[in-house]
Amino acid sequence: MYGPKESDSLIVPGKLANKAGQPVAESMEGSGGIEGNAELQSMVRTQSREAVKQAQSRIRKAVNRNKQERLTALLHHVTVDMLRWSFFALKKKAAPGVDGVTWEAYEADLEIHLVDLHGRIHRGAYRAQPSRRRYIPKPGGGQRPLGIAALEDKIVQMAVVAILTPIYEAEFLGFSYGFRPRRSQHDALDALAYGIKSRSIGWILDADIERFFDSLDKEWLMKFVEHRIADRRICRLIRKWLKAGVLEGGEVKVTEAGTPQGSVISPLLSNIYLHYVYDLWVHQWRRRHARGDMIVIRYADDAVVGFQYADDAKRFLADLHRRLEQFALKLHPQKTRLVEFGRFAACNRARRGVGKPETFKFLGFTHICGQKRNGKGFQLWRKSERKRLKATLRKVAEKLNHNPHTPIPEQGRWLGSVVRGYYAYHAVPTNLQALSAFRYHLTRYWLRALRRRSQRDRMSWERITQLADRYLPKPKILHPWPEQRFLVTHPR
């Protein structure tokens, strides 16, 4: 279906001969050939990117003119330029969906495919295909179900996300960090650390919604979308994706609740759902019911709420249970915990004789009530979660054992990239010990893998240490202290 075809929709410009006596071969030298194709593709991609920026700017201006007005005309922004930008924004090596079409195969005749897709969208002839079910291991154990959409579904979803993002960025609240532009996990971690340090926080509620993507109510979701979006064609596209179902074991399963986790549009839809179910409700609860200080940070379905008083925390938790039940959601009984935590938690617990404050986990870090190195003053310590560290090391060991005879320099370069990637996220202040432990254990796994190559292998610890010093970067803190970065990104 997507094999090479003859097409004149893209004509590579060449410098043709003006004189009859000039050889044809000479006329096409210089800017022609591969270089010309690369320049043309780069120019087309740049034009597409500029077209998307202009469309988002027009949508943003319409939103700012009247923030309460529902938007009625949006689908006309889904142009061929928008679809082309969406295509190039996808991952080239991503697994194909049920159609089996890869990124490279679709690119072979990209313009023809995009024009055809654009026509089907605007005629109402576009049909969403079911997602292909795939399971990946969770960092803490278990399996996470993913839904891999067909390539054209990814393209259209990416275009719709580009249209809806400026609308909902004007709606979403400041304590929502997950899957939003110019916001990262470290921004959420910084906000949490700064809130604990600067506010009178004595209790932390670590709340996790159980099976959120599988439990999300589709009808409620569409009501939330239609509260802001009045373009029926956009809403119809979203309904098609929600009803497309999942292909598993050769059978298409369509459920009454949930949206496939892993699709391009599911992060935005989940944020819309939780904006109305959780964020707006929490904002009102803080203004109406909280007696003391209260901080809120949410990243996707993982939320942390800090309270000054224990009775505020207990009332909030009871009210939250009732609130989520109204929208077919519930808190995970094991992962949701209320702990005494904060600047004065250690002193308060010592007076009561109940031991050190408990810890809690958020976005891959264990948060600990500690002291500064000089022993004077409170210091929030963040350590990499032990389970996730072990899971990463286990994956490295499996790959080393799977390819035992890969040349040492190639193994070293790959392991170096793994270490740099781990540092890029985990190299925060107070976490140097965990970084050192990760590098040490990774070196041990490498030594074990090399010794298994042969019964006569004499790889020593001194030799593997030299290899580690050559290929594996040494532990180094890469991130600033949370309050430093938070005050820069939030100067007020």
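This is a predicted model: local features need pLDDT of at least 70, side-chain atom pairs count only at pLDDT 80 or more; totals for chains, interfaces and linings use all residues.
How many cavities of 30 Å³ or more does this structure have? By the rule used here, there are two.

Residues are numbered from 1 along each chain as its sequence is written, and side-chain values use heavy atoms, with hydrogens and water left out.

## The chain as a whole

Along its principal axes, the C-alpha trace spans about 100 × 70 × 50 Å. The chain has 18 helices and eleven strands; these are DSSP runs numbered from the N terminus, with helices being H or I of at least four residues and strands E of at least two. Of the 492 residues, 46% count as buried. Here buried means under 20% relative accessible area, exposed means over 50%, and partly exposed is in between, using a 1.4 Å probe and protein chains only.

## The two cavities

Rolling a probe the size of a water molecule over the atoms shows where empty space is left. A cavity is a set of points, on a 1 Å grid over the protein atoms alone, where a 1.4 Å probe fits but cannot get out, and its lining residues have an atom within 4 Å of a point. Grid points are joined across faces, edges and corners, and a volume is the space filled by probe spheres set on the points.

The linings can also be sorted by class: Ala, Val, Leu, Ile, Met, Phe, Trp, Tyr, Cys and Pro count as nonpolar, Asp, Glu, Lys and Arg as charged, and the others, Gly among them, as polar.

| Cavity | Volume | Lining by class |
|---|---|---|
| Largest | about 110 Å³ | eight nonpolar, six polar and one charged residues |

The largest cavity is lined by 15 residues, and Ser131, Gln157, Trp241, Pro260 and Ser263 lie nearest its centre. Helix 6 (151–169) and helix 10 (232–243) each give at least two residues to this lining.

Around the second largest cavity, the lining includes Ala207, Asp208, Tyr278, Arg298, Ala300 and Leu331. Strand 3 (203–208), helix 11 (266–288) and helix 12 (310–325) each supply at least two of its lining residues.

## A closer look at helix 6

Helix 6 is mostly covered, with 18 of its 19 residues buried. How far apart are the end C-alpha atoms of helix 6? They are 26 Å apart, which agrees with the 27 Å that its 19 residues should span at 1.5 Å a residue; the expected span is 1.5 Å times one less than the number of residues. Helix 6 also has a kink of about 30° at Ile163, shortly before the proline Pro166. The bend at a residue is the angle between axes fitted to the seven residues ending there and the seven starting there.

## Two loop residues with positive phi

Ala300, one of the residues lining the second largest cavity, has a phi near 60°, a positive value in a residue other than glycine. Ala300 sits in the loop between strand 6 (294–299) and strand 7 (302–307), and counts as buried because its relative accessibility is 9%.

Leu363 is not a glycine either, yet its phi is positive, at about 55°. Its place is the loop between strand 9 (360–362) and strand 10 (365–371). Leu363 is buried too, at a relative accessible area of 8%.

## Cysteines

How many disulfides are there? The count comes to zero, a disulfide being a pair of cysteine sulfur atoms within 2.5 Å. Cys347 is in no disulfide, and the nearest cysteine sulfur, that of Cys369, is 10 Å away. Cys347 is partly exposed because its relative accessibility is 48%, whereas Cys235 is buried at 6%.

## A few more landmarks

Lys53 belongs to helix 2 (residues 33–65) and is partly exposed, at 47% relative accessibility. Lys53 and Met82 are 29 residues apart in sequence, and their C-alpha atoms are 9.6 Å apart in space.

Trp103, in helix 4 (residues 103–107), is buried with a relative accessible area of 5%.

Key
On a 1 Å grid over the protein atoms alone, a cavity is a set of points where a 1.4 Å probe fits but cannot get out, and a pocket is an open set with protein on both sides within 12 Å along at least five of seven lines; lining residues have an atom within 4 Å of a point.
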